[in-house]
Amino acid sequence: MILMKLRILTVVAIVPLLLAGCQAAPPASPHTLSVVVGLYPYAYLVQTIGGNAVTVTDLTQPGAEPHDLELTAQQVATIAKSDLTIYEAGLQPAVDAAVQQGKPANTIDTTTVVPLEDHGTGIDDVGSGNLDPHIWLDPTKMITVAQAIAQKLIQIDPANQPTYTQGLVTLTFTLTGIDSQYTTGLASCQRTDFLTTHAAFGYMAERYNLTQISIEGLSPDAEPSPDRIADIHQIVQDKGLTTVFFEPLTSPSLAQTIASDLGLATDQLDPIEGLTSQSRGSDYAQIMASNLTALRQANGCA
């Protein structure tokens, strides 16, 4: 509780910085900003901060795999005409190319806000040179990106400054609450290792002192080698793991096969790259809560 209060006080301290140098805002303009994002987590941030002052276009359609995104000519034109485009360089090459070609008026490359880290793709390969793009699975990093978005929106559209400032406060309160729930909920567990098919959860593991063991690498389309499968079998036995986690955007067949071979349970751990009918929640906050419940059950948390 003390930690949450300190973080909320930090947010309150940030707000004057957003307002610094701004004169009293004129009445809000009826014009809404057109904001284009590469994938869902950034759409969640913009919509929560901007409310009715923004119109958000998510380039990744519900149920689509964002890593493999290909853009239509209309989407490329939408990027070029946008008031703001938010993307993560290197994650979606088609978006990178469209930004370079279309030169939208304003952009935020989230990797310049939160530098990517190498978490490795298995138990022994940290330092492999693979930068993990899934920064949104650490809610504290989402707060950092949210602050950058709010500052940019105020810069572009000072008339709606009160909306963006209040939206940032509300969003930061939500994200701080998620962080506190994870910190408390994962503080006392029988196990700190968890087994996934896709190495998407490195930031989450790092934040909450867990160890991610992945069957596949950072690409959800990668196929594990026979040696990797043999390693996984041994790791499961050595660490007493109970569960193989799969994702809603990919086939659960690999997780089901390994679970059947080793007598394990299967469950869903969502990297929140997009919303689908299989998502356990209707937005980022709800899915993060569902992920916490799944982790606590698999790891025997008190």
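Predicted model: local features only at pLDDT ≥ 70, side-chain atom pairs only at ≥ 80, totals over all residues.

Reader: Got it. How many helices and strands are there in the chain?

Author: The chain has 10 helices and 8 strands. Of its 302 residues, 51% are buried, and the chain exposes about 13200 Å².

Reader: Now the gaps. What shows where empty space is left?

Author: You roll a probe the size of a water molecule over the atoms. A cavity is where a 1.4 Å probe fits but cannot get out. In this structure there is 1 cavity of 30 Å³ or more, and the largest cavity has a volume of about 40 Å³.

Reader: Okay, and which residues line the largest cavity?

Author: Here's the list: Arg 191, Asp 193, Phe 194, Leu 195, Leu 241, Thr 242, Thr 243, Phe 245, Ala 298 and Asn 299. Strand E5 (193–196) and strand E7 (243–246) are the elements that each give two or more residues to this lining.

Reader: Which element gives the largest share of the lining?

Author: That's E5, with 3 residues.

Reader: And how do the lining residues divide into nonpolar, polar and charged?

Author: The lining of the largest cavity has 5 nonpolar, 3 polar and 2 charged residues. Arg and Asp count as charged, and Arg 191 and Asp 193 are both in the lining.

Technical notes
Residues numbered from 1 in each chain as written. Heavy atoms only, no water. Helix = DSSP H or I, 4+ residues; strand = E, 2+ residues; numbered from the N terminus. Buried < 20%, exposed > 50% of the residue type's maximum accessible area, 1.4 Å probe, protein only. Areas by Shrake-Rupley, 256 points an atom, 1.4 Å probe, with all protein chains shown as cover. 1 Å grid on protein atoms, 1.4 Å probe; cavity = no way out; pocket = protein on both sides within 12 Å on 5 of 7 lines; lining within 4 Å. Points joined across faces, edges and corners; volume = space filled by probe spheres on them.
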